[in-house]
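Colleague: I have not looked at this one before. Can you put it on screen and walk me through it?

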Amino acid sequence: MRPAILDDARLSALAREHGTPLFVYDAATICARYAELSGFDVVRYAQKANPNLSLLALLRECGAAIDAVSAGEIERALAAGFAPNEIVYTADLFDRAALEGVARHGIHVNVGSRDMLAQLAAVQPRADVTLRINPGFGHGHHRKVTTGGSDSKHGIWHEELPVAIDQAREFGLRVVGLHLHVGSGASFSRLVRAGLELVHAAERVETTLSSISAGGGLPVRYRATDREFPLERYAESWRAGVRSIEARARRPISLEIEPGRWLVAESGVLVTEVRATKRQGEREFVLVDAGFHNLIRPTLYGAYHEIRALAKLGPERAVVVAGPLCESSDVFTQVPGGALAPILLPPLVAGDLLAIHDVGAYGTSMASNYNSQPIAAEVLVDGERSRLIRRRQRFDELFAPERELL
Ligand code: LLP
């Protein structure tokens, strides 16, 4: 579901106005993705995908609740207007700042490690709590984003759930929620199987249970040939599970989902300017002003993002698209493992613009200042209107925390 509104003319005009590299997001695409999740009672946005305050505020207006995985994400959610009771802290540990934030704002916690139970009880006596289960298997678009199974640090191992429940009770905590998240970009069958595990686990806590969460992980179509995720069938499989828990427990159970990528990935385009072209033996390189400091997914996972030339036609040639960083992995067209995967583009010269698609999730949220590159600007398009939602980082901001100590 790519935003048709972000056509070549619009993207080129925005790049002229704000400079490049530039992230552009379409509000309508995000809201449309949100609306598709109506089969779930609560849509809890996993803000790690893109925590820009204006996007958080947009999703809040749509009706979303919010997930936070750090003290910083709790602060962001509050700054965007979420009430403390709309925030859940989901993690496998409390660093000291997170425990302090949870305590200060009375944030509900989704506990991924048993050590967290005593720590939580110490700051929130008699709190309600959710337990995150590791069902013993996982699945994701890459092994680095698989969050279930014994190679994963995430969640309470399924065989330890009874111990965790006993411990929670000993500490005076009430288990009101169960959660799992087996990976990002997971397959339909694995996601459905995870649901069955959670429904089974619910038997152990059904006297106090009030909600279950399917986690996130829904895949999106990065390639035109990727299949559309059968969302309705997926929601129905969880609904069936909820009905069976409700029948046993004789109490209403709220069904949550916690997507990041699904809501924002396709809304985003990264506009970048060609600054040099060169031939290295057999290879043709197109060097652009965006790099893995803006979008690290190709470098980290060999992830595919479609790249197009804006307003440029002509006989296509196989080129490698690479960034400005002093590191050879700074290439947008590569496969997992790092081998180059040239793509077809029309003839390009310095000054031409490229659009890198589906970058709304895990683009700018994973940005860095490597090579002292500033964090890129971000623009939100809403129909005819558009506005800057993050200004480009200034150079003085790069080293301010050091300069004051010089
Ligand atoms: N819930 C939990 C507990 C998670 O750990 C995650 C993602 C999500 C929800 C949201 O997952 P999503 O719906 O976005 O797949 N940087 C990687 C993705 C890492 C995801 C980490 N956790 C990427 O660019 O693909």
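Modeller: A polar side-chain atom of Ser184 lies 2.5 Å from an oxygen atom of the ligand, a polar contact being a pair of N or O atoms within 3.5 Å. This is a predicted model, where local features need pLDDT of at least 70, side-chain atom pairs count only at pLDDT 80 or more, and totals for chains, interfaces and linings use all residues. Residues are numbered from 1 along each chain as its sequence is written, and side-chain values use heavy atoms, with hydrogens and water left out.

Colleague: What about Tyr362 and the ligand?

Modeller: Tyr362 places a polar side-chain atom 2.6 Å from a ligand oxygen atom. With Gly217 the polar atom belongs to the backbone, 2.8 Å from an oxygen atom of the ligand.

Colleague: How much of the ligand's accessible area does the protein cover?

Modeller: The protein covers 92% of the 570 Å² that the ligand has on its own (Shrake-Rupley method, 1.4 Å probe).

Colleague: And how many residues surround the ligand?

Modeller: There are 18, counting a residue if one of its heavy atoms lies within 4 Å. The closest are His141, Ser184, Glu258, Arg297 and Tyr362.

Colleague: Changing topic, how many helices and strands does the chain have?

Modeller: The chain has 12 helices and 18 strands, taken as DSSP runs (H or I, at least four residues, for helices; E, at least two, for strands).

Colleague: What does the C-alpha trace span?

Modeller: Along the principal axes of the chain, the trace spans about 65 × 55 × 40 Å.

Terms used:
Polar contact = N/O pair within 3.5 Å; in protein donor to acceptor, adjacent residues only side chain to side chain.
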